[in-house]
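Subject: The structure you asked about

Hello,

Here is the structure, with the sequence alongside. Have a look at it first, and then read on for what turned up.

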Amino acid sequence: MKKALQEAEAAFDKGEVPVGAIIVVNDRIIARAHNLTEQLNDVTAHAEMQAITAAANFLGGKYLQNCTLYVTLEPCQMCAGALYWSQISKIVYAAKDPERGYNTLGTKLHPKTKTLGGILENEAVELLKRFFIMKRNLN
């Protein structure tokens, strides 16, 4: 999760909502990503979506079985849908998203996907709070 937080910091530095993600297989990082929605002018350029694409390209296939996603914020409905189709084995997230998270919205993950939340949650929440305070002060 520390590597995902580094990606979130990179997003913060670019003025993006600070969400970072990495995908690991066999204890090896195969994808690193962070939000790029502002830079790419693309609402689908969430950290998870970027990581899914990078991991699939690395593996040479669309399924992410035996892979673990570490992400600093609970995936949204869109990302959860993509993660469902990728058949990712495990999702580990830091902070819950009580407004837009897949749990709140009732989005289903693949039946074989395991989840774990709250890992380095305080660090992820603090970064998000810092970002939105900064954004409010600029406006």
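A salt bridge here is a side-chain nitrogen of Lys or Arg within 4 Å of a carboxyl oxygen of Asp or Glu. Please keep in mind that this is a predicted model.

**Salt bridges**

With that cut-off, the structure holds three salt bridges. Side chains of opposite charge can pair when their charged atoms come close.

One of them joins Arg-130 to Glu-9, with 3.4 Å between the closest N and O atoms. Because Arg-130 belongs to helix α6 and Glu-9 to helix α1, this pair ties together parts that are 121 residues apart in sequence. How exposed are the partners? Arg-130 is partly exposed, at a relative accessible area of 38%, and Glu-9 also counts as partly exposed, at 33%.

Another links Glu-74 and Lys-96, whose closest N and O atoms are 3.6 Å apart. Glu-74 sits in the loop between β3 and α4, and Lys-96 in the loop between β4 and α5 (102–105), so the bridge ties together parts that are 22 residues apart in sequence. Here Glu-74 is buried, with a relative accessible area of 2%, whereas Lys-96 is partly exposed at 44%.

There is also a salt bridge between the side chains of Arg-100 and Glu-99, at 3.8 Å from N to O. Arg-100 counts as exposed, because its relative accessibility is 52% and exposed means over 50%. Glu-99 is exposed too, at 58%.

Which element gives the most to the lining? That is α6, with four residues. Sorted by class, the lining has 10 nonpolar, three polar and seven charged residues.

**The core**

Now for the inside. The largest nonpolar core has 31 residues, and Ile-23, Leu-64, Cys-67, Leu-69, Ile-88 and Ile-91 have the most contacts within it. Each of these elements supplies at least two residues of the core: α1 (2–13), β1 (20–25), β2 (28–34), α3 (47–59), β3 (67–73), α4 (77–86), β4 (90–95) and α6 (121–138). The element that gives the most is β4, with five residues.

Leaving aside residues up to four places away in sequence, Cys-67 touches Ile-23, Val-24, Val-25, Ile-30, Leu-59, Ile-88, Ser-89 and Lys-90.

**Ala-33**

One more residue to look at is Ala-33, which lies in strand β2. Is Ala-33 buried or exposed? Its relative accessibility is 6%, and buried means under 20%, so Ala-33 counts as buried. Again leaving aside residues up to four places away in sequence, its contacts are Glu-7, Gly-20, Ala-21, Ala-47, Gln-50 and Ala-51. Of these, Glu-7 is 26 residues from Ala-33 in sequence, yet their C-alpha atoms are 6.2 Å apart in space.

Happy viewing, and do write back with any questions.

Best wishes

Terms used:
Residues numbered from 1 in each chain as written. Predicted model: local features only at pLDDT ≥ 70, side-chain atom pairs only at ≥ 80, totals over all residues. Heavy atoms only, no water. Core = buried A, V, L, I, M, F, W, Y, C linked by side-chain atoms within 4.5 Å. Buried < 20%, exposed > 50% of the residue type's maximum accessible area, 1.4 Å probe, protein only. Contact = heavy atoms within 4.5 Å. Nonpolar A, V, L, I, M, F, W, Y, C, P; charged D, E, K, R; others polar.
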